Amino acid sequence: MAVLVNRSKSSVHRHQKAQARRHQYPESALWETEAGEAWLKLLMVAVLYSFGMECHVGADKLSRFFKLIRIDTHVGISSSALRQQLSRMESLLPVFQQRCESGVSAQTRSAVVAMDETFFGDFLILVLMDLSSGYLILEDISHDRRFDTWFEKAIPRLKELGIDVNHAVSDRAKALIKLAITGFDCQSGADIFHAQQDVSKWLGATLGRRHEQAKTQLETAEALLKKKPDNNLAELVQVVDAERAYKQIQETRADYHENLASIAEDVHPFSLETQKINRAEQVTFSLEKRAQAFEKIAQSQSIADIKQTINKFRNQLNDLASNVETWWLWVMEILAGLSVDEATHYWLIHALLPTVYWHQQLLKTQNPRQREKYRQAWQQAAQHLQTDAFTATLSESELQRWLEWAEWMARNFHRSSSAVEGRNGYLSQMYHNGRGLTEKRLRALTVIHNYGLKRTDGTTAAMRLFGQTFPDLFL
């Protein structure tokens, strides 16, 4: 054997002894093959990538896992070895993103962005995301959230990626509003998520408690009435009063939930009922009706507005409506640049766009009540599109071209920074479940989000933003 492999007899002997020591389990022979060795490498990297990097599982626990599946005879699985490998992966991932970004086509990309910050002890993380693609433009550790800090970090990244911000959605933090208006030179839209959350904190919790109290009182009164079948007039009156109170709080809660959900339904570029264009004035008028309804509910239940929530909500009405108005200005600007004729312009605005828009909303929404409303709106718009005489005059290629444009345009309507809030929640979980979050690990997680995570259609955030494919991050 030594002659065949051109090695000394002592070297071959040592290898045979080592192989015999490794052969402790029935499956050990597989790891000695070329295919088995490749599979072990794949397993190691996959576990470190999925659990060590993405889920923040510690090296000690990973080491115990590898020990349990009995691969320690063929692979170095000590905690220190795994930490070194994780550190190497953290260093390589940002290099992968730099190479991918350097290879993208040089062009200006219009985008709607959202920005927010999340706190971790003595530092915070600034997050800037392209909402249409989900690409994390900026995710950086900082010690303050002032406008100057945001500006110094965000503007170079936008120039580097060739992104022109058309609209920015955020909570009403002054630094973020200034960043949109002064830094990005665009309109600052209010985030609908925070507007609903403020109202929910004010009314929702109190109404929920009172509903449970009324239910308990009714059950107690009914139990007392059953215990005294005779001479029970007082108990009967108590049951009637409890039923009246319980019914009233049920109706009030239903009214509250209806108006809270309607905030989201009012901020659309098209009317849910008529499919007509929604403009800023109509959105503001509808939201003011919700504010009046909340005031009426608070007065009927004697709920004090200590934090002036309703005034804060009213102060955001114009900014919430600007999400719709800015989108329409963008649509009109693009169509003007394309020099479409009047008939095509009318068909796009009143037939194709609402059909595509409601279909996208139907696919995105998880709430059953809203899904049904969006389904009805989509069916109504689709029927109008099919019966429109102009649709039949278009060739298949023209129809496909306008359909792709409408899908792109609909994807660029955003009224919430909930995607950024979700990212902040993920980082918070990683920080608190693990033992902190280093800058090196954060950069690695950013790359995984942009180039590793895929939607159901198989696309990553980078593919959606840049419109081109990239090498598989894992493979």
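Is the crossing of H5 and H6 right-handed or left-handed? The crossing of H5 and H6 is right-handed. The legends below start from the sheet and return to this pair.

This is a predicted model, in which local features need pLDDT of at least 70, side-chain atom pairs count only at pLDDT 80 or more, and totals for chains, interfaces and linings use all residues. Residues are numbered from 1 along each chain as its sequence is written, and side-chain values use heavy atoms, with hydrogens and water left out.

**View 1. Five strands form an open, mixed sheet.**
The strand order is S3-S2-S1-S4-S5. Strand S3 (136-142) and strand S5 (187-190) are at the edges with a single partner strand each, so one side of each has no neighbour in the sheet. Neighbouring strands are turned by 25 degrees against each other on average, direction ignored. Strands (E, at least two residues) and helices (H or I, at least four) are DSSP runs, numbered from the N terminus. Two strands pair if DSSP finds at least two bridges between them.

**View 2. Strand S2 has antiparallel pairings with S1 and with S3.**
Eight bridges link S1 (residues 109-120) to S2 (residues 123-130). Phe119 has Leu124 in S2 as its bridge partner. Six bridges join S2 to S3. Here Leu126 stands opposite Asp140 in S3. S2 and S3 form a hairpin with five residues between them. In its turn, Gly134 has a positive phi of about 85 degrees.

**View 3. Helix H19 lies across S2 and S3.**
H19 covers residues 439-451 and runs at about 165 degrees to S3. Seven of the seven residues of S3 are buried. Buried means under 20% relative accessible area, exposed over 50%, and partly exposed in between (1.4 Å probe, protein chains only).

**View 4. Thr149 is a buried residue in helix H7.**
Its relative accessible area is 8%. Thr149 touches Leu126, Ser142 and Asp144, leaving aside residues up to four places away in sequence. Contact means heavy atoms within 4.5 Å.

**View 5. Helices H4 and H5 pack at an angle of about 140 degrees.**
H4 spans residues 34-54, H5 spans residues 59-68, and their axes are 11 Å apart. Axes are lines fitted to C-alpha atoms, for helices over the stretch in contact, and angles run from 0 to 180 degrees between N-to-C directions. Met44, Val47, Leu48, Phe51 and Gly52 in H4 meet Leu62, Phe65 and Phe66 in H5. By class, this contact has seven nonpolar, one polar and no charged residues. Ala, Val, Leu, Ile, Met, Phe, Trp, Tyr, Cys and Pro count as nonpolar, Asp, Glu, Lys and Arg as charged, and the others, Gly among them, as polar.

**View 6. H5 and H6 cross at roughly 115 degrees.**
Their axes come within 9 Å. Ala59, Asp60, Leu62, Ser63 and Phe66 in H5 meet Ser79, Leu82 and Arg83 in H6. This contact has four nonpolar, two polar and two charged residues.

**View 7. Helix H6 has 24 residues (79-102).**
At 1.5 Å a residue H6 should span 34 Å, and its end C-alpha atoms are 35 Å apart, which agrees. The expected span is 1.5 Å times one less than the number of residues. Buried residues in H6 include Leu86, Met89, Leu93 and Phe96. The buried residues of H6 pack against H4, H5, H7 (147-161) and H19.

Key: Left-handed = near helix turned anticlockwise from the far one by under 90°.
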